[in-house]
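Hello,

Here is the structure I promised to pass on. Please open it alongside this note, and then read on for what turned up.

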Amino acid sequence: MNIRTAERTDSRALAYLMGELGYPTSVEEMEERFERISAYPDYHTLVAEADGSVVGMIGLCSGVFYEKNGGYARIVAFVVDERFRNKGIGKLLIQEAERWARDNGLVAIALNSGNRSEREAAHLFYRRAGYTEKSTGFIKQL
């Protein structure tokens, strides 16, 4: 298992993984997204490789708190290929994301996860990784 920074050439695998996450994405769309994401220094994308194939990814961004000193990381995308789940890959990706956050002087890491029944296993995973439920998120499409 190898965890590394994602590259543009990973776009095909990332598009597949976005579909696994519930967001069908074409390779062309992923290439465009990855190009834009990569242009922002506060964003970081990691992939997990098994036998030379990308089987998981975690996308992060960093921000600065308004309510206190310091900065935080936010996990904005996180998925492991269904065929490779329950093998410790997600745990490795989370650990590497946390390492990236600490290395960048960030003091917390957060994520949002949907309140749908199919997300219950993911919520259990996050709790076991030391994450606690803290707030309810809201979104408005513009």
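Let me start with the largest pocket. By class, 27 nonpolar, 13 polar and 10 charged residues make up its lining. Please keep in mind that the model is predicted.

**The largest pocket**

The space in the largest pocket comes to about 1900 Å³. Its lining counts 50 residues. Nearest the centre lie Arg74, Ala110, Leu111, Asn112 and Ser113. Which element supplies the largest share? That is E4, with six residues.

**The second largest pocket**

Here the space is about 750 Å³. The lining holds 27 residues. Closest to the centre of this second largest pocket are Phe78, Arg85, Ala121, Ala122 and Phe125. At least two lining residues come from each of E4, helix H3 (89-103) and H4. By class, the lining of the second largest pocket splits into 13 nonpolar, five polar and nine charged residues.

Now for the strands. Five of them form an open sheet in the order E1-E2-E3-E4-E5. The pairing is mixed. Which strands sit at the edges? They are strand E1 (2-5) and strand E5 (108-111), and each pairs on one side only. From one strand to the next, the twist averages 30°.

Look at E3 and E4 in particular. Strand E3 covers residues 53-64 and strand E4 covers residues 71-80. The two run antiparallel, joined by nine bridges. For a landmark on this pair, find Ser62: Ala73 in E4 stands opposite.

**His123**

Is His123 buried or exposed? Its relative accessible area is 17%. The cut-off for buried is under 20%, so His123 counts as buried. What does His123 touch beyond its neighbours within four places in sequence? The contacts are Ser113, Gly114 and Asn115.

Best wishes

How values were computed
Residues numbered from 1 in each chain as written. Predicted model: local features only at pLDDT ≥ 70, side-chain atom pairs only at ≥ 80, totals over all residues. Heavy atoms only, no water. Pairing = 2+ DSSP bridges. Helix = DSSP H or I, 4+ residues; strand = E, 2+ residues; numbered from the N terminus. Axes fitted to C-alpha atoms, helices over the stretch in contact; angles between N-to-C directions. Buried < 20%, exposed > 50% of the residue type's maximum accessible area, 1.4 Å probe, protein only. Contact = heavy atoms within 4.5 Å. 1 Å grid on protein atoms, 1.4 Å probe; cavity = no way out; pocket = protein on both sides within 12 Å on 5 of 7 lines; lining within 4 Å. Points joined across faces, edges and corners; volume = space filled by probe spheres on them. Nonpolar A, V, L, I, M, F, W, Y, C, P; charged D, E, K, R; others polar.
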